[in-house]
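Welcome, and thanks for taking a look. Please have the sequence and the 3D view open while you read this short report.

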Amino acid sequence: MIKLDSKIPGGKLSEKWMNHKFNMKVINPANKRKFDIIIVGSGLAGASAAATLGELGYKVKIFTFHDSTRRAHSIAAQGGINAAKNYQNDADSVYRLFYDTIKGGDFRGREANTWRLAEVSNNIIDQCVAQGVPFAREYGGTLANRSFGGAQVSRTFYARGETGQQLLLGAYSSMNRQVNLGNVEIFPRREFLDVVKVDGHARGIIARNLVTGELEKYASQAVVLATGGYMNVYFLSTNAMNSNATAAWRVHKKGAAFANPCYTQIHPTCLPVHGEDQSKLVLMSESLRNDGRIWVPKKAGDTRNPSEIPEEERDYYLERKYPAFGNLVPRDVASRNAKYVCDEGKGIGGGKAVYLDFSDAFNRIGKEGVKDKYGNLFDMYANITGVNPYEVPMQIYPAPHYAMGGLWVDYELMSTIPGMFVLGEANFSDHGANRLGASALMQGLSDGYFIIPYTMGNYLGTEKPEKVDVERSEFKEAQQNVEENINKILSINGKQTVDSIHKRLGHLLIDKVGMSRDEKGLKEVINQIRDLREEFWTDVKVVGDAKDINQTLERAGRVADFLELGELMAKDALNRNESCGAHFREEYQTEDGEALRNDEEYKYVAAWEYKKDGEWELYKEDLEFENVKLATRSYK
Amino acid sequence: MSEKNINLTLNIWRQESPEAKGYFEKFEKEISPDASILEVLDEINNRLEFEGKEPIAFESDCREGICGACGLVINGQPHGPLPKTATCQLHMRNFKDGDTLYIEPFRATAFKILKDLIVDRSGFDKIQVAGGFVSFNTGSAPDGNVILISKEMADQALDAAECIGCGACVAACKNSSAMLFVGAKVSQFALLPQGQPERYERVQAMVKVMDENLFGSCTNTYACEAECPKGISVLNIARMNRDYFMAKLKTGTNE
Ligand SMILES: Cc1cc2nc3c(=O)[nH]c(=O)nc-3n(C[C@H](O)[C@H](O)[C@H](O)COP(=O)(O)OP(=O)(O)OC[C@H]3O[C@@H](n4cnc5c(N)ncnc54)[C@H](O)[C@@H]3O)c2cc1C
């Protein structure tokens with residue numbers, strides 16, 4: 001039995017966080033150093049949390065499976081980070097950022113969390129500037145902005161196409177300062193494989209040393225998980241190769257509820273798939289939609305070169321269907337429409353790709369102007385495809401990108417396991433059923449710099465947890481379970497490689513739990529995933545042993561977890577008899593083919609408790625909207 | 001995109017452990033010109049695993065040239081023959097049918113080989129811990145626009161800050177010098193107003209740890225810049241040397 005208590009404070013929306021900060025317990029500076037905190041994950045969320053908790057005086061241990069904390073997947077974010085600064089004087093405000101985010105998430109997010117995110121967004125920019133993050137600047141020396149999908153104001157801060165890199169290196173540098181000062185200790189090349197609970201509270205972890213293969217035990221008074229999203233469940237995605245769900249999933253199996261697993265975002269501007277042996281999909285930043293125009297030939301199966309297709313025979317389908325937002329509609333809308341035109345056979349050459357055309361921008365600001373804004377993205381495109389995008393329009397197609405779903409957390413970012421906090425993409429909290437561009441970086445840094453430092457104090461100050469010893473039976477038992485699981489995988493010695501099974505899972509999911517879903521497909525896919533899981537546990541082949549670097553073994557453990565998560569995604573999608581945001585059920589659409597929500601019955605967060613293999617119990621957290629009117633999302 | 005497949009001979013470095021003796025293992029392979037070199041390794045590994053043989057250990061993550069995890073020496077060049085390109089972005093269309101490739105790890109005294117193509121680059125993090133930051137606690141920042149920074153300065157700082165920490169500069173240098181890597185970080189902060197208060201302590205602290213971690217000295221061959229996937233300029237080394245020199249002059253009076 002779990003209890004979902006969202007702990008959303010009372011009072012006016014705009015005062016909730018301020019009041020809550022005041023009401024939470026604080027720990028005096030001298031006592032902070034008596035508390036050990038474990039952080040797993042060193043992306044934006046984990047690194048910023050480590051830096052800030054270290055600054056406060058806590059003793060922090062941070063773990064990552066990478067060789068260096070700087071390599072977390074956050075490094076690859078390109079486009080930018082939102083803030084409600086209103087530097088452009090275009091009527092932006094905390095309220096507008098809040099409203100855009102709630103609406104973009106199709107009214108399936110928590111008002112209080114989203115407001116808080118918008119509120120601290122401005123502090124994030126200030127913080128990063130102070131660290132020396134070289135954001136783009138105007139000639140007068142002020143910070144520059146660009147606009148992003150789902151918004152009509154220009155509020156996105158960026159550093160060329162390398163915003164994630166610069167923000168992460170900023171957080172990394174602040175964290176390194178705390179390493180230097182002795183407050184933070186880094187454990188690289190360690191994979192978190194289980195949480196250790198003592199009297200129901202998270203009190204430590206089991207991590208595998210990826211070089212020696214040893215299973216190591218670490219104790220602490222609280223654990224923070226900042227392990228990123230699960231989109232590699234689809235095999236092909238824009239996420240880094242090693243991004244995975246294992247940490248979140250193992251914690252889920254130990255009692256943390258998993259929320260809204262079916263809310264998965266398929267990003268519209270990615271490079272099309274080139275072949276079966278492809279290892280990942282490449283995102284072209286959505287900022288390209290500011291100046292690029294999306295179109296397909298009007299005639300199905302048109303194989304002419306783009307330059308030979310006259311204007312009147314082109315369908316700029318987003319501009320046609322959504323005149324107000326045009327090419328800047330939210331991601332789910334852009335992706336689904338790309339899928340539809342391609343399903344109708346109008347994709348480029350009849351295949352799965354649409355044009356992203358900069359001809360107008362070349363005329364308006366010149367090729368140099370375009371180069372200045374998007375130069376590295378254009379280079380990247382040319383490098384990967386071998387085609388020069390200054391001469392021939394780019395080709396794009398949607399790809400799995402971001403997980404809105406994740407571990408359920410309360411307002412203080414604590415999961416249903418006391419003492420276990422979850423930050424960044426790994427939690428479900430702020431984006432509802434669809435995340436707007438440039439808001440994940442914002443959320444990761446908000447969680448790490450500005451939320452956890454307060455809520456952690458509240459937990460430790462209230463619970464006053466004692467230190468525990470890793471020689472306790474709970475640690476030994478957890479370690480033993482992890483070891484048995486590894487040995488089991490190694491002993492199967494079947495015929496199929498880990499990747500081949502992962503690819504099959506990916507195909508099933510993208511087909512049936514991707515951009516569009518329906519009851520029949522979902523029911524089918526649940527059985528197919530179960531069969532595939534059975535195949536994995538009887539026929540997978542993992543070469544080598546657990547005594548040194550064994551990357552296949554690492555992947556096998558992750559794929560085993562994906563095979564369970566995939567089923568829950570389908571189950572959640574099947575449960576949600578409505579369309580909202582990125583979750584589009586074919587049965588539930590308006591006459592215009594837009595998402596048809598069912599607020600009466602589904603205005604809730606679906607939080608799943610793990611019971612046993614293939615069995616979950618659903619808990620519902622009702623969402624209350626006191627400050628925005630539930631409206632049908634329209635971008636027309 | 002796809003043209004005809006090509007046939008390549010790949011000689012890939014295998015080494016079981018840091019202590020073990022390494023050797024080249026030969027693979028003949030037909031591949032798509034659209035595949036990246038890491039996808040070729042994926043395919044070889046899939047095949048090896050299928051046959052029950054140990055796959056080749058190598059690192060990679062983002063496969064977009066920004067995380068810095070991948071790094072192979074290909075036919076003697078860190079990250080292969082294309083300028084300003086990380087290993088993961090090297091596509092097979094850059095090779096011809098019948099070519100022979102030699103694939104090795106980044107070699108340097110400071111980078112111990114852990115297994116096959118994986119090396120230990122933790123020395124880089126140690127240098128950053130020594131001083132690669134602005135001392136500044138969360139929560140006390142003034143409004144972002146209080147600090148005005150000219151576009152030109154911001155761009156130059158970003159040019160330096162783009163370093164992905166892959167280690168190609170060290171692997172390219174006959175002395176295994178890390179000057180380009182350190183110079184880039186020192187420059188980023190030296191160029192920005194935020195970095196001024198600690199400017200001279202920073203450069204000394206970072207250079208000290210660089211020397212302690214077995215990175216060699218710079219003899220101005222510029223091999224580092226040539227192999228850098230981000231095209232980080234050797235100008236950064238000059239900036240660092242100047243600051244280091246200034247710091248030495250200043251410490252005489254400051255200490
Ligand atoms: C290509 C791309 C571009 C993007 N661009 C933007 C953008 O422009 N703007 C925006 O707002 N968002 C963008 N996003 C989304 C955003 O980058 C991510 O949502 C965000 O960076 C996630 O940060 P995080 O800290 O939660 O997790 P991550 O950065 O994914 O970090 C996860 C960390 O956890 C560690 N870890 C995971 N599991 C384990 C384990 N079991 N044991 C040990 N360590 C573990 C990893 O090593 C890593 O350090 C983009 C995403 C992609 C894929």
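Which residue in S15(A) is the bridge partner of A:Val354? The partner is A:Ile396. Please keep in mind that this is a predicted model.

The two strands concerned are S14 (residues 354-357) and S15 (residues 394-403) of chain A, which pair in the antiparallel sense over 3 bridges. Both belong to an open sheet of 5 strands in chain A, with the order S11-S15-S14-S12-S13 and antiparallel pairing. Strand S11 (264-270) and strand S13 (314-315) of chain A are at the edges with a single partner strand each, so each has one side without a neighbour in the sheet. In general, strands of a sheet pair through backbone hydrogen bonds.

Now let us turn to chain B. Chain B is divided into domain 1 (6-114) and domain 2 (122-251), and the centres of these domains, taken over C-alpha atoms, are separated by 29 Å.

| Interface of domain 1 and domain 2 of chain B | Value |
|---|---|
| Residues of domain 1 in contact with domain 2 | 18 residues |
| Residues of domain 2 in contact with domain 1 | 18 residues |
| Area buried between domain 1 and domain 2 | about 1300 Å² |
| Salt bridges across the interface | 0 salt bridges |
| Polar contacts across the interface (both residues at pLDDT 80 or more) | 1 residue pair |

Carbon and sulfur atoms give 63% of that buried area. On the side of domain 1 of chain B that touches domain 2 of chain B, the residues divide into 9 nonpolar, 7 polar and 2 charged.

Key
Residues are numbered from 1 along each chain as its sequence is written. Chains are lettered from A and ligands numbered from 1 in the order in which they are written. This is a predicted model: local features need pLDDT of at least 70, side-chain atom pairs count only at pLDDT 80 or more; totals for chains, interfaces and linings use all residues. Side-chain values use heavy atoms; hydrogens and water are left out. Domain bounds come from an automatic or database domain assignment. Contact means heavy atoms within 4.5 Å. Buried area is the accessible area (1.4 Å probe) that two parts lose on being put together, summed over both. A salt bridge is a side-chain nitrogen of Lys or Arg within 4 Å of a carboxyl oxygen of Asp or Glu. A polar contact is a pair of N or O atoms within 3.5 Å; within protein, one must be able to donate a hydrogen and the other to accept it, and residues adjacent in sequence count only if both atoms are side-chain atoms. Ala, Val, Leu, Ile, Met, Phe, Trp, Tyr, Cys and Pro count as nonpolar, Asp, Glu, Lys and Arg as charged, and the others, Gly among them, as polar. Two strands pair if DSSP finds at least two bridges between them. Helices (H or I, at least four residues) and strands (E, at least two) are DSSP runs, numbered from the N terminus.
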